[in-house]
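Please keep the sequence and the coordinates at hand while reading.

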Amino acid sequence: AFPPLKNDLILRAAKGEHVEKVPVWAMRQAGRYMKEFQEVRAKHEFFDVCRTPELACEVTMQPIRAFDLDASIIFSDILVVPQALGMGVQMVPGKGPTFDEPLVEPDDLKKLKVDVNVHEELGYVYEAITLTRHTLDGKVPLIGFSGAPWTLMSYMIEGGGSTTQSKAKKWLYAYPEASHQLLQILTDVIVEYLVGQVKAGAQLLQLFESHGGILGMGMFSKFALPYIRQISSRVKETLVSKNLKPVPMIIFSKDSHYALEELAQSNYEVVQLDWTIKPQNARRQVGPNITLQGNLDPCALYSTPEEIKKLTKEMLKKFGTQRYIANLGHGMYPDFDREHLKAFVDAVHSESMEMINGDE
């Protein structure tokens, strides 16, 4: 009983249907660059915002009220999955996510709550999604998401951010069986988690393999790709078995230019690109039947509005206007000027409409 959808641009683009203008949204569009978000965070700890449906809904809505975006994405964090498995994670100011007790050796897997009741542990995300769908009143679709298994595994072992991921990569080489065991545990939870998000009201799903680029093709093929593929197939099969319509799925494996062809063959409708990949090369590798998303360098938003419009126009020319969703090549930074995001969003719409009308 959700309100009827008024803007389905991103859904049509994801499915390869004709659009009259290119849809656009921005990763981390709900966040620290907005004064409204800062006001919420001044009163509430980060994960408390995630766990409180009314607060998660509010910060999800903030950029939708401020900009002419074509999609919303539920405010949450990829590390709620390790939390559901019983690991303590804090968001430490100036440092980022920090685990109380990272995994050190294979025996530590016994500490995980592998028989987790996903609906009980992550029900607050489902409640936030349902509340947000109603609050959106059909203005734009709502995206749900999860971190991918390798990325979550790396956080659980490193205990936070890392430039080398050497502790986590050590597991892949020294403890391959335990690594696969952990990746499968995570995959099983993620599948159930994403299915629950669709049941709650998510209209698209994005899987974030944020640390994919730290692996070469060999290790990516062994320890990341099989689980990425398993997730898309199982989510869609499970939705069908529950008489629910599968939703478009987006895969974003950052810095994984070496695996674009393989990602395009992984049963995702959309492949997200970071800013280091040439659009023409990406299109050639993924083929004509996959929608691409991305890939403006986030730092381009430090430019003037006039320069942002120019860079956006150049990007659109390279991608074309169909089977394409405009986005940044990564997330918004906290010191961005919100007016520069507005310049980007407005430029995508105006320039793409001009290009489409010119073609017609």
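Is Tyr-175 buried, partly exposed or exposed? Tyr-175 is partly exposed, because its relative accessible area is 25% and the partly exposed class lies between buried, under 20% relative accessible area, and exposed, over 50% (1.4 Å probe, protein chains only). The model is predicted, so local features need pLDDT of at least 70 and side-chain atom pairs count only at pLDDT 80 or more, while totals for chains, interfaces and linings use all residues. Residues are numbered from 1 along each chain as its sequence is written, and side-chain values use heavy atoms, with hydrogens and water left out.

The whole structure holds 12 aromatic pairs; rings of Phe, Tyr and Trp (its six-membered ring) pair if their centres lie within 6.5 Å, and planes under 30 degrees apart count as stacked, over 60 as edge-to-face and the rest as tilted. Trp-171 and Tyr-175 make an edge-to-face pair, at 5.5 Å centre to centre with 85° between the planes. Trp-171 counts as buried, because its relative accessibility is 1%. Phe-319 and Tyr-324 form a stacked pair, because their ring centres are 4.3 Å apart and their planes stand at 10°. Both Phe-319 and Tyr-324 are buried. One aromatic cluster is made up of Phe-37, Phe-46, Phe-47 and Phe-75.

On a 1 Å grid over the protein atoms alone, a pocket is an open set of points where a 1.4 Å probe fits, with protein on both sides within 12 Å along at least five of seven lines, and lining residues have an atom within 4 Å of a point. The space in the largest pocket is about 1300 Å³, a volume being the space filled by probe spheres set on the grid points. By class, its lining has 23 nonpolar, 16 polar and seven charged residues; Ala, Val, Leu, Ile, Met, Phe, Trp, Tyr, Cys and Pro count as nonpolar, Asp, Glu, Lys and Arg as charged, and the others, Gly among them, as polar.

Strand β2 (residues 89-92) runs antiparallel to strand β3 (residues 96-99), and four bridges join them; strands pair if DSSP finds at least two bridges between them. Helices (H or I, at least four residues) and strands (E, at least two) are DSSP runs, numbered from the N terminus. Val-92 stands opposite Gly-96 in β3. Three residues lie between the strands of this hairpin, where Gly-94 takes a positive phi near 80°.

Positive phi also occurs away from glycine. Arg-28 has a phi of about 60° and belongs to the loop between α1 (9-15) and α2; Arg-28 counts as partly exposed, because its relative accessibility is 48%. Asn-243 likewise has a positive phi of about 60°, in the loop between α11 (225-241) and β6 (249-253). With a relative accessible area of 73%, Asn-243 is exposed. A cis peptide bond, with omega near -10°, runs from Gly-294 to Asn-295, and Asn-295 is found in strand β8 (residues 291-296).
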